[in-house]
Amino acid sequence: MDRHERSLAAFLAGELDERSAAEFDAHLLDCADCWRAVREDRAGRAAAARLRDAAPYDLADRVSMAVGLAARPRPARRRGRWLAAGALAVAAAVIGLVVLALPGRSADPPAITAVVAATQRIPVPTGQPIPPGTGPVAHGQGWTVRAGVGELRLQYYRLDGVDVLLAHADRPVGTPEDAQHAPPGDMPWTVDRDGITVYCPHDDVLVAAALPADRLVALAQRLPAN
Amino acid sequence: MRGNGGEAHRAFLDATLPHLEALYRIARHAAADPAQADDLVQETYLRAFTHFDQHHGDNTRAWLAAICLNLARSQARSASRRPVEVPESEAGEVVAPDAVDEQAIATLDRAEIETALARLPEPQRWCVLLMDVAGYTVRETAEILQCPRGTVLARVHRGRRKLAVLLAGTRNPAGGDHGQA
């Protein structure tokens, strides 16, 4: 970059002092090359400015969820297993997998882990209170998280005065080893994780809440697309 | 940083989430695949969270941008899908068309602008992306790219000019590009 171009760049960046800027202004009247450079700079900057996108509305929720999962402490009894899996977890992080923490049981499918973590973070609903016997009413915006190699679409609902989480997966979520099938042998199952009941009515749908299993199953029948 | 409990991760999010929009604008055009911009932002936050205790808070916005660009570079290398680049020469690489029609450029659709931006040499592309798309200052851009601010000014100026010339060529292919490969 020669001195001339350096002066031009400084002029365009507004970094010349008043006297130098005035001199350069006068120079532009007589120098076709510099004037063309100024026009091209302004056109290029205006074109690039048109690429200013707004972030997707759910990206902040998604990022917060991913960081929240990564921050969860791991019970000491699982440390050995975690260390053994450490190299794999690091590799998974590099290729964009999110659900690394294991808040439920270490053998749980990632979707179960993500749903339990999201249920533990249910926010207090805002707006008009929803009386018992009514609902379901969605509260908050739905968002998407990664769970293993799949994605989950999550949405909080309030019905009969309690909050539940509904999750739709883009693939079968898997079944925990200790799932309770009701009736035995049928698809629907429930499982308890740290006081959170997770109910799976279909292989790509999960419902979760801090409720007894029988009450959650009853409420789940009233949720949309379930 | 992991395992320090809820306070640590809330402090991290308080410090970093205000910069989500700027990060997304970088990721949208730095990701090997634009459809993976969300993933790149998320991965940036996870990487930053892991190293948050080493960050001294000088300029969190610039620190996040540096992480995002480094991830984008390594992902592009892994995927071998780097955008087509034009070699950067130190002088005279911009051959101006007869006229850069600013009004015509203003009517181009964004896909054409994205394509032209992806054709810039990487040093120029990063400067235009950081300053004109994501809104970083010259000083922040120099910090992110770890180069002198004079170099940033030169690169962003050349990048803008080349972008304008490429777009003028897009609008007027018969006479505008003048062999800008």
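# Two chains in contact: a chat about chain A

Visitor: How many residues of chain A are in contact with chain B?
Guide: In this predicted model, 45 residues of chain A touch 53 residues of chain B.

Visitor: And how much area do the two chains bury between them?
Guide: Chain A and chain B bury about 4400 Å² between them, and 57% of that area lies on carbon and sulfur atoms.

Visitor: Why give an area at all?
Guide: The accessible area lost when the parts come together is often quoted because it expresses the size of an interface.

Visitor: Which three residues of chain A supply more of its buried area than any other three?
Guide: Those are Glu40(A), Arg50(A) and Leu51(A), which supply 16% of the area that chain A buries against chain B.

Visitor: How many salt bridges cross that interface?
Guide: The rule finds seven salt bridges across the interface of chain A and chain B, and one of the salt bridges in the model joins the side chains of Asp53(A) and Arg110(B), with 2.7 Å from N to O.

Visitor: What share of chain A is buried?
Guide: Of its 226 residues, 46% count as buried, while the accessible surface of chain A comes to about 11200 Å², with 55% of that belonging to carbon and sulfur atoms.

Visitor: What does the UniProt annotation say about residues 7-34?
Guide: The UniProt record, an unreviewed entry, annotates residues 7-34 of chain A as "domain: Putative zinc-finger"; in the model that stretch is 79% helix and 0% strand, with its end C-alpha atoms 10 Å apart.

Visitor: What is the average pLDDT of chain A?
Guide: Chain A averages a pLDDT of 77, and 77% of the residues score at least 70.

Visitor: Which elements have the lowest and highest mean pLDDT?
Guide: Among the elements of chain A, helix α5 (residues 79-94) has the lowest mean, at 47, whereas strand β7 (residues 205-209) has the highest, at 91.

Visitor: Where does pLDDT stay under 50?
Guide: One such stretch is residues 75-85 of chain A, which has seven contacts beyond four places in sequence; residues 87-104 of chain A are also below 50, and this stretch has 39 contacts beyond near neighbours in sequence.

Methods. Residues are numbered from 1 along each chain as its sequence is written. Chains are lettered from A and ligands numbered from 1 in the order in which they are written. This is a predicted model: local features need pLDDT of at least 70, side-chain atom pairs count only at pLDDT 80 or more; totals for chains, interfaces and linings use all residues. Side-chain values use heavy atoms; hydrogens and water are left out. Buried means under 20% relative accessible area, exposed over 50%, partly exposed in between (1.4 Å probe, protein chains only). Accessible areas come from the Shrake-Rupley method with a 1.4 Å probe; for residues, only the protein chains shown count as cover. pLDDT is the predictor's confidence in each residue, from 0 to 100. Helices (H or I, at least four residues) and strands (E, at least two) are DSSP runs, numbered from the N terminus. Contact means heavy atoms within 4.5 Å. UniProt positions are given in the numbering used here, feature names are shortened, and annotations may be inferred rather than shown by experiment. Buried area is the accessible area (1.4 Å probe) that two parts lose on being put together, summed over both. A salt bridge is a side-chain nitrogen of Lys or Arg within 4 Å of a carboxyl oxygen of Asp or Glu.
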